[in-house]
Amino acid sequence: MNSFLFYFILVPVIVIALLGLNLFFAQSKPNEEKLTTFECGFSPVEQARQKFSIHFYLVGILFLVFDLEVLLLFPAAVSMNSISQSGFWILLFFLIVLTVGFIYEYSSGALNYTNKDKES
Amino acid sequence: MTINSTINSLLEALIVIGPLLGSIAYVTIAERKIMGSMQRRIGPNKVGYYGLLQAFADALKLLVKELVLPSNTDKILFVLAPMISLVCGLLVWTLIPYGKGLVIADFSLGIVTILAISSVAAYGIILAGWASNNKYSFIGSLRATAQLISYEVVFGLIILLVIFFVGSFNLTTIIESQKAIWYIVPLFPIALMFLIAILAESNRAPFDLPESESELTAGFMTEYSAFPFVFFFLAEYGAIVFLSTLSSILFLGGYLVPGIESNGLMTGLSLGFKTSFILFLFIWIRASFPRLRYDQLMSSIWSKMLPIVIAFSILIPCIVKAFEIY
């Protein structure tokens, strides 16, 4: 545990020290052109923080559901030897409910990335 | 706490970090050398004998490069993001057993800790994309995040399947339970899917969509220069080495040597050989396969791999229960 604490402190210290070394050795001559946002040689147009595809958001929500499922399964995985027959059937029921949920998600088209369905 | 034990702890921490950074450096050389051979080039061969010091030369070059902080970035987050990535990438190594009892933190919840720390590493990428205030960085970080969290689901479920056999989260217990047979034999299709999942987790080719060169410049790393860039680079290659180590622990018996009751140096060498083999697979795959399209990437995880893994997660508890494995 003690070594773990040391490691925990040592890693950020090393990272900050490396950054400090870089600041110490490197020259710093900023000018206006150098500090502009990179955009393939153009002056930047429009805001960078703009609208993005809803699919990324949808993936986030799906991840939340499935990761929670994995989280709930972890205690069951380590206690497979101590849960009785009824505990096992409850685990199986949980998994089957999840499968049904997944089939619903799949057939509702939430996992479809291209817009083929909407066009046809 | 006596001074002796303090020095001991410090040495233990340094013994892990030093060779770790060295191995990351040599993975980059190995990649360039192997890719060179596969494409009938020589690869780097000027710095040091046979190009062996190339990585250190690169690091030194980047050490004297100017650290550019673009004017419309969020300065604090911009510098903090690569540091979060690297710190998380290095912290997970405390939990890896290099031999029986040769581990810095022998937590009983080892695997869960690994999952937790590697999830925090995703914040580095999100923050980098947001703080850079650049369109390429923004799109790159969105893609990287979506890819990371999608494959995290499959990654977690596959680890869960192994846990069903072991009945413990402790990494040493997972390795010791493979004395009879490595888990790659009973769980072969799962092991293959784990290989695909870790390729995507570490943003490697053929899943390197976040920084596909021709589309997004360098993805979320576009605005970074000098050492913050090195941090991202180290974190990325550190993740590759770590995930190879993890898969050799979960499926290839970690430090075990088949047929021999080994300890000391042999255990470390055994883990090293298995990890190097998977690292070589990583590079081989990069040299062989073309990049996927983004919608192919997403549909391959959500509508191909996930249903199979869910099917296995129903099958394997049933097998464990039916045969009373414990």
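Is B:Cys88 buried or exposed in this predicted model? At 10% relative accessibility, B:Cys88 counts as buried, where buried means under 20% relative accessible area, exposed means over 50%, and partly exposed lies in between (1.4 Å probe, protein chains only).

The model is predicted, and local features need pLDDT of at least 70, side-chain atom pairs count only at pLDDT 80 or more, and totals for chains, interfaces and linings use all residues. Residues are numbered from 1 along each chain as its sequence is written, chains are lettered from A and ligands numbered from 1 in the order in which they are written, and side-chain values use heavy atoms, with hydrogens and water left out.

View 1. A disulfide is a covalent bond between the sulfur atoms of two cysteines. With a disulfide taken as a pair of cysteine sulfur atoms within 2.5 Å, a search of the whole structure finds zero disulfides over all chains. B:Cys318 has a relative accessibility of 26% and therefore counts as partly exposed.

**View 2. The largest nonpolar core.** A nonpolar core is a set of buried Ala, Val, Leu, Ile, Met, Phe, Trp, Tyr and Cys residues joined through side-chain atoms within 4.5 Å. The largest one has 119 residues, and those with the most contacts inside it are A:Tyr7, B:Ile159, B:Leu246, B:Phe251 and B:Trp302. Helix H5 (residues 135-166) of chain B gives this core its largest share, 18 residues; helices here are DSSP runs (H or I, at least four residues), as strands are (E, at least two), and they are numbered from the N terminus. Apart from this core lies another, of 12 residues, including B:Phe78, B:Phe220, B:Tyr224 and B:Phe232.

View 3. Contact means heavy atoms within 4.5 Å. When neighbours within four places in sequence are left aside, B:Leu246 is in contact with B:Ile111, B:Ile114, B:Phe155, B:Ile159, B:Leu171 and B:Phe194. B:Ser247 is found in helix H9 of chain B, and B:Ser247 counts as buried because its relative accessible area is 5%. Not counting residues up to four places away in sequence, B:Ser247 touches B:Phe194, B:Ile198, B:Leu252 and B:Ile278.

View 4. Rolling a probe the size of a water molecule over the atoms shows where empty space is left. On a 1 Å grid over the protein atoms alone, a cavity is a set of points where a 1.4 Å probe fits but cannot get out, whereas a pocket is an open set with protein on both sides within 12 Å along at least five of seven lines; lining residues have an atom within 4 Å of a point. Grid points are joined across faces, edges and corners, and a volume is the space filled by probe spheres set on the points. Of the 22 residues that line the largest cavity, B:Ala121, B:Leu148, B:Glu201, B:Ala235 and B:Ala239 are the closest to its centre. The largest share of this lining, six residues, comes from H9 of chain B. By class, the lining has 14 nonpolar, five polar and three charged residues, where Ala, Val, Leu, Ile, Met, Phe, Trp, Tyr, Cys and Pro count as nonpolar, Asp, Glu, Lys and Arg as charged, and the others, Gly among them, as polar.

**View 5. B:Ser85 in helix H3.** B:Ser85 is found in helix H3 of chain B, and with a relative accessibility of 7% B:Ser85 counts as buried. Beyond neighbours within four places in sequence, the contacts of B:Ser85 are B:Ala121, B:Gly124, B:Ile125, B:Phe232 and B:Ala235.

**View 6. The largest pocket.** About 980 Å³ of space lies in the largest pocket. It is lined by 36 residues, of which B:Thr28, B:Phe229, B:Phe233, B:Leu234 and B:Tyr237 are the closest to its centre. The elements that give two or more residues to this lining are H1 of chain A together with H1, H2 and H9 of chain B.

View 7. Most residues other than glycine have a negative phi, and most peptide bonds are trans. Phi of B:Arg40 is near 55°, a positive value, and phi of B:Asn133 is also near 55°. B:Arg40 counts as exposed, at 82% relative accessibility, whereas B:Asn133 is buried, with a relative accessible area of 10%.
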